[in-house]
Amino acid sequence: MRVSYIELLGEQHPMCFSLAASEELSTEFGGLDRMQEALASGDIARVAKAVDTVLACLLKAGRIYVSATGGELPKELPCRPADLIDVTDGTAVKAIFSAISNDTTREVETKGKNGKATQAK
């Protein structure tokens, strides 16, 4: 799993798009496609709620993963993630899509007929 980070309150907070986070977000939004629609809707109230919900989920998954792998964690946030984000700043939405794409993009090594990995030229 890959970890992405978002800066909140001057500290780097880990985010992961784990299987559990995917399940939670699918349930919350009625599907990941609907989550994406909410984040890009242009309706400020809908976007704010979506950003807060998605960030909270990804941050929770990030803390769990980093803690489980023995990494260092910043202090927990004293408030909702949305309380710390400027409504005109698209950085949070970019960080969300970056975290999701980092964990859904995989590099695959293929093997040729002779059992050796193929070499990219």
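**Close-up views of a predicted model**

**View 1. Glu 24 and Lys 60 join side chains in a salt bridge, 3.7 Å from N to O.** A salt bridge here is a side-chain nitrogen of Lys or Arg within 4 Å of a carboxyl oxygen of Asp or Glu. Glu 24 sits in helix H1 (residues 19-29) and Lys 60 in helix H3, so the pair ties together parts 36 residues apart in sequence. Helices (H or I, at least four residues) are DSSP runs, numbered from the N terminus. The whole structure holds two salt bridges.

This is a predicted model: local features need pLDDT of at least 70, side-chain atom pairs count only at pLDDT 80 or more, and totals for chains, interfaces and linings use all residues. Residues are numbered from 1 along each chain as its sequence is written, and side-chain values use heavy atoms, with hydrogens and water left out.

**View 2. The axes of H1 and H2 come within 8 Å and cross at roughly 70°.** Axes are lines fitted to C-alpha atoms, for helices over the stretch in contact, and angles run from 0 to 180 degrees between N-to-C directions. H1 and H2 are therefore roughly perpendicular (65 to 115 degrees; under 35 is roughly parallel, over 145 roughly antiparallel, the rest oblique). Ser 22, Leu 25, Ser 26 and Phe 29 of H1 meet Leu 32, Arg 34, Met 35 and Ala 38 of H2. Contact means heavy atoms within 4.5 Å.

**View 3. H2 (residues 32-39) and H3 (residues 44-68) cross at roughly 125°, their axes coming within 8 Å.** The two helices are therefore oblique to each other. H2 contributes Arg 34, Met 35, Glu 37, Ala 38 and Leu 39; H3 contributes Arg 46, Val 47, Ala 50, Val 51 and Val 54.

**View 4. The largest pocket holds about 200 Å³ of space.** On a 1 Å grid over the protein atoms alone, a pocket is an open set of points where a 1.4 Å probe fits, with protein on both sides within 12 Å along at least five of seven lines; lining residues have an atom within 4 Å of a point. The volume is the space filled by probe spheres set on the points, which are joined across faces, edges and corners. Of 13 lining residues, Ala 48, Val 51, Ile 85, Asp 86 and Val 87 lie nearest the centre. H3 gives the most to this lining, with four residues.
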